[in-house]
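This report goes through one protein model, from its overall build to its charged side chains. Please keep the sequence and the coordinates at hand while reading.

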Amino acid sequence: MTKVNSNTEWGTLKEVILGRAEFAQVPTVKRHDIHCVDYANYDSTIGLPQGRYPGKIVEETIEDLEIFQKQLENIGVKVHRPELQHFAKLHGTGHWSSDGYYAYCPRDSTLVIGDTLIETPMPLRARYFENFIYKKIFKEYFNNGSRWISAPKGELTDALYDRTDLSKPTLTEFEPAFDAANVIKCGKDIFYLVSNSGNKAGARWLQSTLGDKYRVHVMDNIYAYVHVDTTILPLAAGTVLLNPSRVNENNLPEYFKSWKKIWAVEPVATPYVENWAPASPWLGMNILSLSPNLVAVESRQTTLINQLEQNGFDVMPVQMRHCRTLSGGPHCVTLDTVRNDEYGDYS
């Protein structure tokens with residue numbers, strides 16, 4: 001194990017954390033937070049799913065992730081897995097209590113920038129202590145020279161959540177809050193999506209923490225729902241994959257306007273279990289760059305695979321039978337900790 005190094009979304013992948021599906025559930029304690037963040041498409045908390053995901057979904061997802069792990073290892077990537085944890089246990093503060101969620105998406109809870117691990121201030125109460133399942137891995141990286149910091153733990157009181165207009169980002173500016181999956185990296189330029197899972201205060205905290213070495217670009221007029229990696233995803237220096245239903249020439253960050261733009265084809269609408277999935281069909285463009293010319297794509301996204309191949313990319317198809325039900329594709333279920341890349345200006 002070496003120290004962490006990840007400056008871009010596309011450098012050759014050397015080490016990664018891959019999520020788990022064991023004991024996955026949707027929190028049973030319903031409050032403002034999960035409604036505002038993950039289920040803003042519901043008018044209220046009535047009818048939201050809760051409890052353990054169906055056994056077949058979990059079993060088949062465990063199988064799919066094990067196959068994905070072998071695929072990664074076969075190309076020389078070292079794969080780390082989080083510790084097993086039962087998510088039905090209650091936790092909380094003096095203001096609230098919640099049970100847990102899952103370990104399926106390590107992309108959300110920790111941001112790796114350069115040689116630094118940053119535990120992010122996620123807005124979901126159910127994920128308040130999720131980073132504990134990665135502590136053993138983080139300690140090893142720290143002992144090998146990595147920097148390791150954590151954002152201030154949020155109070156996550158009702159003052160953070162605004163349900164008056166669910167068509168707009170639902171987090172207030174009460175305190176810094178964001179998922180790591182709200183962020184994409186292009187060397188010294190960091191792009192931060194304001195959405196239901198990240199507020200402007202979070203971007204200010206990130207800029208103040210990273211300092212003058214980095215430029216944090218706030219994107220607040222693109223996509224309100226949650227993460228950025230189904231909307232804008234750099235695939236190589238100078239090439240970016242874009243969601244044409246959310247991005248256009250007017251709201252595209254100026255930085256990317258000179259890049260080669262691949263406007264993603266309409267995704268294959270893969271099936272999901274009714275009432276369990278907040279993920280849109282655009283989860284199909286949630287892909288993981290393994291090198292500047294190799295990408296991992298969910299195997300049923302055949303039209304996107306063909307499009308990427310026509311644009312010079314090699315593709316590793318990845319079986320993820322329940323990615324929409326569990327809300328995570330190849331990019332979501334991984335956290336790149338070591339890439340063969342460099343800090344620099346890629347504009």
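## Overall build

A residue is called buried here when its relative accessible area is under 20%, and exposed when that area is over 50%. In this predicted model, 61% of the 347 residues of the protein chain count as buried. The chain holds six helices and 19 strands, and its C-alpha trace spans about 50 × 45 × 45 Å along the principal axes.

The radius of gyration is 19 Å, which agrees with the value near 20 Å that a compact globule of 347 residues would have. Among contacts between residues at least 6 apart in sequence, 72% join residues at least 24 apart.

Strand β13 (residues 232-236) is largely enclosed by the rest of the structure, because five of its five residues are buried. It pairs with strand β14 (residues 239-242) in the antiparallel sense over four bridges, and Pro234 has Val240 in β14 as its bridge partner. Two residues lie between the strands of this hairpin, in which Gly238 takes a positive phi near 90 degrees.

Asp229 sits in the loop between β12 (215-219) and β13. What is the nearest side chain of opposite charge to Asp229? It is Arg107, 5.0 Å away, and Asp229 is buried yet has no salt bridge; the cut-off for such a bridge is 4 Å between a side-chain nitrogen and a carboxyl oxygen.

The side chain of Asp229 does make polar contacts, with the side chain of His331 at 2.8 Å and with the side chain of Asn286 at 3.3 Å. Leaving aside neighbours within four places in sequence, the residues in contact with Asp229 also include Ala181, Met285 and Cys332.

## Salt bridges across the chain

Side chains of opposite charge can pair when their charged atoms come close. The model has 17 salt bridges, and one of them joins Arg321 to Glu60, with the closest N and O atoms 3.8 Å apart. This pair links distant parts of the chain, Arg321 lying in the loop between β18 (314-318) and α6 (323-326) and Glu60 in helix α2 (residues 55-74), 261 residues apart. Arg321 is partly exposed, with a relative accessible area of 27%, whereas Glu60 is buried at 16%.

Lys185 and Asp336 also meet in a salt bridge, at 3.6 Å from N to O; Lys185 belongs to strand β10 (residues 183-186) and Asp336 to strand β19 (residues 334-340), 151 residues apart. Lys185 is buried, with a relative accessible area of 4%, and Asp336 counts as buried at 1%.

Terms used:
Residues numbered from 1 in each chain as written. Predicted model: local features only at pLDDT ≥ 70, side-chain atom pairs only at ≥ 80, totals over all residues. Heavy atoms only, no water. Buried < 20%, exposed > 50% of the residue type's maximum accessible area, 1.4 Å probe, protein only. Pairing = 2+ DSSP bridges. Lys, Arg positive; Asp, Glu negative; His and termini not counted. Polar contact = N/O pair within 3.5 Å; in protein donor to acceptor, adjacent residues only side chain to side chain. Contact = heavy atoms within 4.5 Å. Rg over C-alpha atoms; globule rule 2.2 N^0.38 Å.
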